[in-house]
Amino acid sequence: MLLYGVDITSRLLLGTAQYPSPAVLAEAIRSSGTEIITVSLRREAADGAGQAFWSLLQHSGCRILPNTAGCHSAAEAITTAQMARELFGTTWIKLEVIGHSDTLQPDVFGLVEAARVLVAEGFDVFPYTTDDLVVGEKLLEAGCQVLMPWGAPIGSGQGLRNPDALRAMRAHFPDTPLIVDAGIGRPSDAAQAMELGMDAVLLNTAVAKAGDPAQMAQAMAQAIDAGRLAHAADPMEPRDMAVPSTPVLGLAELA
Amino acid sequence: MIRIAGAGLAGLATAWELVQRGHEVTVYDAGAPGAGSVSRYAGGMLAPFCEGESAEEDVVRLGRQAAAWWAEVTPVTRRGTLVVASPRDRSELTRFARRTTEHRHVSSAEIADLEPALAGRFSQGLFFAEEAHLDPRRAMRDLAALLQKKGVEIQYNTPAPAEVDLICTGGAAQLPELRPVRGEMAILQAPDVDITRTVRLLHPRVPLYLVPRGEGVYMIGATMIESGSTRPITLRSLSDLLGAAYTLHPAFAEASVVETGVGLRPAFPDNLPRILHHDGSLHLNGLYRHGFLLAPAMAAQAADRLISEISHEDHRELTTA
């Protein structure tokens, strides 16, 4: 999978918030096999005082995808992205512009506006968006080369609320990397996203809040591999009726 | 004579353990009484079982005896912890119950029995009957006074000599892997609210605990931010905390915010305390958010360690709690 010219093998992107401890986080990163971790800049950035935690993340050897979590306007997200570029020395930015503080729905208008500005400033923008096709088009027009549609509201763990919309997105944007971001609760949700032909899955709470985050990270990674293999293998279509899977030829004639 | 650097929670608790083992102790602290210690911002919860929700098993195990230990030093309120959640966050309660032990489910009526002020506000909750709390500032004063009564010299405003036997200087110690975790809290004066035990309000983004300090005073906390910034509490954190308090009981709307505070918890990567050698000195550090809960057990370990090292001067190896 090519993300802004970088070849990435692991299809799991992992968030770094809400873990019981940095040691547990490090273990989850290792067992997930992820190559990309996201880190929120907002609060930790205060006075550049989050250095101790960041250096732990940098020691993980993963590529860091800073995010603008918690930003409620395009201007705020742009400023945060600029700070992230300084601090982490990367042009990658996961762009979140939150429209509603309770549901954490993306503000797609602010998102497109911020994406346009950031692309012009040389950023590689990973926009957290809805599954709306027109918004997706606008983001591509703005210069995004990746789309990150939600599966369900952030942190809800509800799984894919609207798989048909994601399927439509896949069909509409056949050549754009699509990463399902937010809403994954269980490995079966991640597998379903990959079966729909998504390129990758980004998740955080489902692993961080599991009883054993490292074990859940591994389960997610395996589910993502399984879903991806299944998509490539072209699964059968469901049928309305039973169809015997055993050949009838040569059945014993019991007199 | 055993010399300890740092008159915070770890230093004073270890001094008490040493005194009880018959040793003479001097404690040095570069600041005024209580000035350098972050424990003044603590909740003072002695809640090992609730902490088990996100902490390692060691925290539950080491914290079990904390209430009994502190009761010999300072008043301890043993009325348990009540954990509640609003109806739409009920799944948080399910999760909390699954991850913890020593609790029972309580109905709306039982909540009303336990805390009449919360009658009709929550349809279900969890009650941790064995848990307790104390007043951190009072506890630190009482512990220092007790030590002084037993002949321990606590030299405030005095930098420690170059060679001491144990260093308990928290975030000021330059230890590898030790990091600050910022916590923000507020103290409310709410004469109209009468809550008698620690209450935790679960919420996916803004969990809250409220610890009564008596006479209508409540401590609410606390944020956990991976940052070493000591700037005053942010508007966001303060409004989150106050909003959560208001959710717990609308009468908090009339409360006075009498204090806000920010402290940096010293923590190792696994968020567990450690007794370790560094640069030729023994350290007790990394109490993180479990200062009052784990200080007794860690102080006992540190005291044993010091005494055995004094008797075998050359025996030095690094261990973990």
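Axes here are lines fitted to C-alpha atoms, for helices over the stretch in contact, and angles run from 0 to 180 degrees between N-to-C directions. Helices (H or I, at least four residues) and strands (E, at least two) are DSSP runs, numbered from the N terminus. This is a predicted model in which local features need pLDDT of at least 70 and side-chain atom pairs count only at pLDDT 80 or more, while totals for chains, interfaces and linings use all residues. Residues are numbered from 1 along each chain as its sequence is written, chains are lettered from A and ligands numbered from 1 in the order in which they are written, and side-chain values use heavy atoms, with hydrogens and water left out.

**View 1. Helices H4 and H5 of chain A, side by side.** Look for helix H4 (residues 108-120) and helix H5 (residues 133-141) of chain A, which pack at an angle of about 15° with their axes 9 Å apart. On the H4(A) side you will find A:Val108, A:Leu111, A:Val112 and A:Ala115, which meet A:Val135, A:Lys138 and A:Leu139 of H5(A); contact means heavy atoms within 4.5 Å. By class, this contact of H4(A) with H5(A) has six nonpolar, no polar and one charged residues. In this grouping, Ala, Val, Leu, Ile, Met, Phe, Trp, Tyr, Cys and Pro are nonpolar, Asp, Glu, Lys and Arg are charged, and the others, Gly among them, are polar.

**View 2. Helices H7 and H9 of chain A.** Now find helix H7 (residues 187-195) and helix H9 (residues 213-232) of chain A, with axes 7 Å apart and a packing angle of about 25°. H7(A) and H9(A) are therefore roughly parallel to each other, and H7(A) passes H9(A) in a right-handed crossing. Among the residues of H7(A) that meet H9(A) are A:Ala190, A:Ala191 and A:Met194, and their partners in H9(A) include A:Met216, A:Met220 and A:Ile224. The residues of this contact of H7(A) with H9(A) divide into ten nonpolar, two polar and two charged.

**View 3. Helices H1 and H9 of chain B.** How do the axes of H1 and H9 of chain B cross? Helix H1 (residues 9-20) and helix H9 (residues 291-311) of chain B have axes that come within 8 Å and cross at roughly 55°. That makes H1(B) oblique to H9(B), and H1(B) passes H9(B) in a right-handed crossing. The contact includes B:Leu9, B:Ala13 and B:Leu18 of H1(B), together with B:Phe292, B:Ala295 and B:Leu306 of H9(B), among others. The residues of this contact of H1(B) with H9(B) divide into twelve nonpolar, two polar and one charged.

**View 4. Inside the nonpolar cores.** In soluble globular proteins, nonpolar side chains tend to be buried together. A nonpolar core is a set of buried Ala, Val, Leu, Ile, Met, Phe, Trp, Tyr and Cys residues joined through side-chain atoms within 4.5 Å. Buried means under 20% relative accessible area, exposed over 50%, and partly exposed in between (1.4 Å probe, protein chains only). Of the 74 residues in the largest nonpolar core, A:Leu3, A:Trp92, A:Leu95 and A:Val125 touch the most other members. A second, separate core of 50 residues includes B:Ile154, B:Phe292, B:Leu293 and B:Ala297. Not counting residues up to four places away in sequence, A:Val125 touches A:Tyr4, A:Ile93, A:Leu95, A:Ala115, A:Leu118, A:Val119, A:Cys144 and A:Val146.

**View 5. Two loop residues of chain A with positive phi.** A:Gln18 has a positive phi of about 70° although it is not a glycine, and A:Gln18 lies in the loop between strand E3 (12-15) and helix H1 (22-32) of chain A. At 38% relative accessibility, A:Gln18 counts as partly exposed. For A:Ala182, phi is near 90°, a positive value in a residue other than glycine. A:Ala182 is buried, with a relative accessible area of 9%.

**View 6. B:Glu92 and its partners.** B:Glu92 is found in helix H5 (residues 90-99) of chain B. Leaving aside neighbours within four places in sequence, B:Glu92 is in contact with B:Leu202, B:His203 and B:Pro204. The C-alpha atoms of B:Glu92 and B:Leu202 are separated by 6.4 Å, though the two residues are 110 residues apart along the chain.

Technical notes:
Angles under 35 degrees count as roughly parallel, over 145 as roughly antiparallel, 65 to 115 as roughly perpendicular and the rest as oblique. A crossing is left-handed if the near helix is turned anticlockwise from the far one by less than a right angle, and right-handed if clockwise.
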